[in-house]
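Here are my notes for your read-through.

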Amino acid sequence: MVADTYHSLEYLPYVDNTVTPEQVAEVESLISNELRNTNTTAVHPLVENLLPLPSSRSTSLLSQEIERYEEEQPEEDEPIIDGIDTSRYSDDVDNYTNLSYSMLEKRNLELMAQNQQNMQASWRRHLQHLGEVETNYEQNLGDKRIRSEEVLSERKRRQLDFEPVGEYLEHRWRDGLRSMVNMGMNSEMK
């Protein structure tokens, strides 16, 4: 956040037009010194309160499952050429097996339909929550933009108000230097 209580007018971007490479190098060195003392890889502690991140445990379980899947060797080295195995649906299999498969399939479809409604409701709640989070972020961003514009306009006003005073002081300083040089030259000539 930009501090608006800092009153230094060493660099006035609305009045001064040029920035020297030395000034840029000095600013970059100050930034790098500050970043060297700051841990930029860690997440800010308030982020966890505002937007909880997935725990490392679930990530490790996922990585373990991926590793297990990659290490798993296929039971058969032969590729499936015909696609779906239809041998269990042939006439050789008794009707009881066919009936049990059909009952299991019906049960699975009913559970899927029941879970689908629950999942849609959960999905809608989650989307609503995400919409609220997005609205909150947009509102905070808008507030910060307004505050930033206020600070920048106040700085611009101060700098433009300082411009005549700065020119007057610079002319007085130059005139003072000239008079000192002239006095030195006059004393040397005597």
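1. A salt bridge here means a side-chain nitrogen of Lys or Arg within 4 Å of a carboxyl oxygen of Asp or Glu. The model is predicted. By that criterion, the structure holds seven salt bridges.

2. Take Glu 110 and Lys 106. They form a salt bridge, with the closest N and O atoms 3.3 Å apart. Both belong to helix α4 (residues 95-189); because they sit four residues apart there, about one helical turn separates them. Glu 110 is partly exposed, at 45% relative accessible area. Lys 106 has 53% relative accessibility, so it counts as exposed. The cut-off for exposed is over 50%.

3. Arg 158 pairs with Glu 154 in a salt bridge, and their closest N and O atoms are 3.2 Å apart. Both lie in helix α4, four residues apart, about one turn. Arg 158 is partly exposed, with a relative accessible area of 29%. Glu 154 is also partly exposed, with a value of 29%.

4. Arg 157 forms a salt bridge with Asp 161; here the closest N and O atoms are 2.8 Å apart. These two also lie four residues apart in helix α4, about one turn of the helix. Arg 157 is partly exposed at 42%, and Asp 161 is partly exposed at 45%. Salt bridges with shared partners join Glu 154, Arg 157, Arg 158 and Asp 161 into one network.

5. Now the nonpolar surface. Val 27, Ile 31 and Leu 35 form a nonpolar patch there, with about 270 Å² of accessible area together. Val 27 lies in helix α1 (residues 21-36). Its relative accessibility is 46%, so Val 27 counts as partly exposed.

Notes:
Residues numbered from 1 in each chain as written. Predicted model: local features only at pLDDT ≥ 70, side-chain atom pairs only at ≥ 80, totals over all residues. Heavy atoms only, no water. Patch = residues over 30% accessible without salt bridge, like charges linked within 9 Å, V, L, I, M, F, W, Y side chains within 5 Å. Areas by Shrake-Rupley, 256 points an atom, 1.4 Å probe, with all protein chains shown as cover. Buried < 20%, exposed > 50% of the residue type's maximum accessible area, 1.4 Å probe, protein only.
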